[in-house]
Amino acid sequence: APAQEDSEVQILKEKAKEQESNQEKRNLRLVISGRDLESLEKLTSELIANGNKLQVSIRGPVRLPKKTLTICTRKGPTGNGTETYYHFQMRIYKRVLDIMGLTSDEIKELTKVSIPQNVKVELSVK
């Protein structure tokens, strides 16, 4: 019985090694967007620091042009009087990070960061 158990243990170890070698290396693209530039940059630097700890190849952050949404509306409710306007703006900032050569365990480890409420993160695996 002990010889049979030893052979079963060896078979299990071989299967574990095969799974490790068969684990696909994947590329990850993170698109980070938000209205607050400071929290966006902080999250980006945390992700890069985690990637450097895992010793993976990182491209970015690529800073995309900001989108400025503007709304101009009349102050007067009736339309009479002088034409005065309110001007409202919302700026949306975007960053793109490409991280290459990650296993599924490394993806889990990399994304263990707290994401601020006002930041949106889109993750795509290739």
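**Strand pairing and salt bridges**

Student: Which residue in β3 does S33 stand opposite?

Tutor: S33 stands opposite K94 in β3. The model is predicted: local features need pLDDT of at least 70, side-chain atom pairs count only at pLDDT 80 or more, and totals for chains, interfaces and linings use all residues. Residues are numbered from 1 along each chain as its sequence is written, and side-chain values use heavy atoms, with hydrogens and water left out.

Student: And where is the place of S33?

Tutor: S33 belongs to strand β1, which covers residues 26-34. Strands (E, at least two residues) and helices (H or I, at least four) are DSSP runs, numbered from the N terminus.

Student: How many bridges join β1 to β3?

Tutor: Eight bridges join these two strands, β1 and β3, and they run antiparallel. Two strands count as paired if DSSP finds at least two bridges between them. β2 and β3 also pair in the antiparallel sense, over 14 bridges.

Student: Is S33 buried or exposed?

Tutor: S33 is buried, at a relative accessible area of 10%. Buried means under 20% relative accessible area, exposed over 50%, and partly exposed in between (1.4 Å probe, protein chains only).

Student: What does S33 touch?

Tutor: Leaving out residues up to four places away in sequence, S33 touches L40, Y93, K94, N118, V119 and K120. A contact means heavy atoms within 4.5 Å.

Student: Let us change topic. How many salt bridges does the structure hold?

Tutor: The structure holds five. A salt bridge is a side-chain nitrogen of Lys or Arg within 4 Å of a carboxyl oxygen of Asp or Glu. One of them joins E41 to R63, with the closest N and O atoms 3.4 Å apart. E41 lies in helix α2 (residues 37-53) and R63 in strand β2 (residues 57-74), so this pair ties together parts that are 22 residues apart in sequence.

Student: What are E41, R63 and R95 linked in?

Tutor: These three residues, E41, R63 and R95, are linked in a network of salt bridges. E41 forms a salt bridge with R95, where the closest N and O atoms are 2.7 Å apart. That pair connects distant parts of the chain, E41 being in helix α2 and R95 in strand β3 (residues 85-102), 54 residues apart.

Student: Does R95 count as buried or exposed?

Tutor: R95 counts as buried, at 6% relative accessibility. E41 is partly exposed, with a relative accessible area of 24%.

Student: With which residue does E122 form a salt bridge?

Tutor: E122 forms a salt bridge with K120, the closest N and O atoms being 3.7 Å apart. E122 counts as partly exposed, at 39% relative accessibility.

Student: Back to helix α2, please. What is S39 in contact with?

Tutor: Apart from neighbours within four places in sequence, S39 is in contact with P116, N118 and V119. S39 is found in helix α2 and is buried, with a relative accessible area of 13%. The C-alpha atoms of S39 and P116 are separated by 7.0 Å, although these residues are 77 residues apart along the chain.

Student: And the whole chain: which pattern does it follow?

Tutor: Along the sequence, the protein chain follows α-β-α-β-β-α-β, with three helices and four strands. Of its 126 residues, 23% count as buried. Among contacts between residues at least 6 apart in sequence, 74% join residues at least 24 apart.
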